[in-house]
Amino acid sequence: MATPSVLFVCLGNICRSPTAEAIFRQQLEQAGLEDKILVDSAGTGDWHIGSAPDSRAQSAALKRGYNMKNLRARQVSVDDFARFTYIVAMDFSNRDNLLSLASTSDDSAAQQKISLMLSHHGETSLQEVPDPYYGGDNGFDQVIDLLEIACAGLLTHIRD
Ligand code: 4NP
């Protein structure tokens, strides 16, 4: 089977999806799977292309043991549907944007690759990872709480 690959997607690629990438990478390392599953993140928007993650996201992540200072934002493209096996959206708006992009892909399985991040969580009534960009610092901690569990659920799903 081809190497599984995961692309986490949010709006700006500077808060939620790079945090998901950093958490998932660490879980892969802890499981000894860092060479077996590819990980990346991207944004549906183009405003922050080339930027490091938001400083509030970085400091909240660092306090929990995740270093993401070397990540740089990029925009999702239609080629990502050929490159990745799992494309994971943080909220409904990201998912809707991905579904429209998928409809322009040559890959007939493109739409089926898309899931919502919190569909892998299993213990929350939330369906979307809240966007912390315009909120207070504790929004970033809540994002990490949600992503740690959802990333673990996604990893279990891929391993199964
Ligand atoms: P993210 O958060 O989608 O989790 O990276 C945002 C980052 C930037 C903006 C919105 C959300 N923005 O409007 O620039």
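**Figure 1. The side chains of His 120 and Ser 115 make a polar contact.** The two side chains approach to 2.9 Å; a polar contact is a pair of N or O atoms within 3.5 Å, where, within protein, one atom must be able to donate a hydrogen and the other to accept it, and residues adjacent in sequence count only if both atoms are side-chain atoms. The model shown is predicted: local features need pLDDT of at least 70, side-chain atom pairs count only at pLDDT 80 or more, and totals for chains, interfaces and linings use all residues. Residues are numbered from 1 along each chain as its sequence is written, and side-chain values use heavy atoms, with hydrogens and water left out. His 120 is located in the loop between β4 (114-116) and α5 (138-159); helices (H or I, at least four residues) and strands (E, at least two) are DSSP runs, numbered from the N terminus. With a relative accessible area of 13%, His 120 is buried, a term that means under 20% relative accessible area, whereas exposed means over 50% and partly exposed lies in between (1.4 Å probe, protein chains only). Not counting residues up to four places away in sequence, His 120 touches Val 88, Ser 115, Ile 149, Ala 150, Gly 153 and Leu 154; contact means heavy atoms within 4.5 Å.

**Figure 2. Asn 13 has a positive phi although it is not a glycine.** The phi angle of Asn 13 is about 60°. Most residues other than glycine have a negative phi. Asn 13 belongs to the loop between β1 (5-10) and α1, and Asn 13 is buried, its relative accessible area being 2%.

**Figure 3. A salt bridge joins Arg 25 and Glu 21 within helix α1.** The N to O distance between the two side chains is 2.7 Å; a salt bridge is a side-chain nitrogen of Lys or Arg within 4 Å of a carboxyl oxygen of Asp or Glu. Both residues belong to helix α1 (residues 16-30) and are four residues apart, about one turn of the helix. Arg 25 is partly exposed at 34% relative accessibility, whereas Glu 21 is buried at 4%. The whole structure contains ten salt bridges.

**Figure 4. Asp 80 forms salt bridges with Arg 74 and Arg 83.** The closest N and O atoms are 3.0 Å apart in the pair Arg 74 and Asp 80, and 3.2 Å apart in the pair Asp 80 and Arg 83. Asp 80 and Arg 83 both lie in helix α3 (residues 80-83), three residues apart, about one turn of the helix. Asp 80 is buried, with 0% relative accessibility; Arg 74 is partly exposed at 22%, and Arg 83 is exposed at 52%. Through salt bridges that share partners, Asp 40, Arg 74, Asp 80 and Arg 83 are joined into one network.

**Figure 5. Thr 19 and Met 90 are 71 residues apart in sequence and 11 Å apart in space, C-alpha to C-alpha.** Thr 19 lies in helix α1 and is buried, with a relative accessible area of 4%. Leaving aside neighbours within four places in sequence, Thr 19 is in contact with Ala 57, Met 68, Ile 144 and Leu 147. Met 90 is found in the loop between β3 (86-89) and α4 (92-102), and its relative accessible area of 0% places Met 90 among buried residues. Beyond its neighbours within four places in sequence, the contacts of Met 90 include Phe 8, Val 9, Cys 10, Met 117 and Leu 147.
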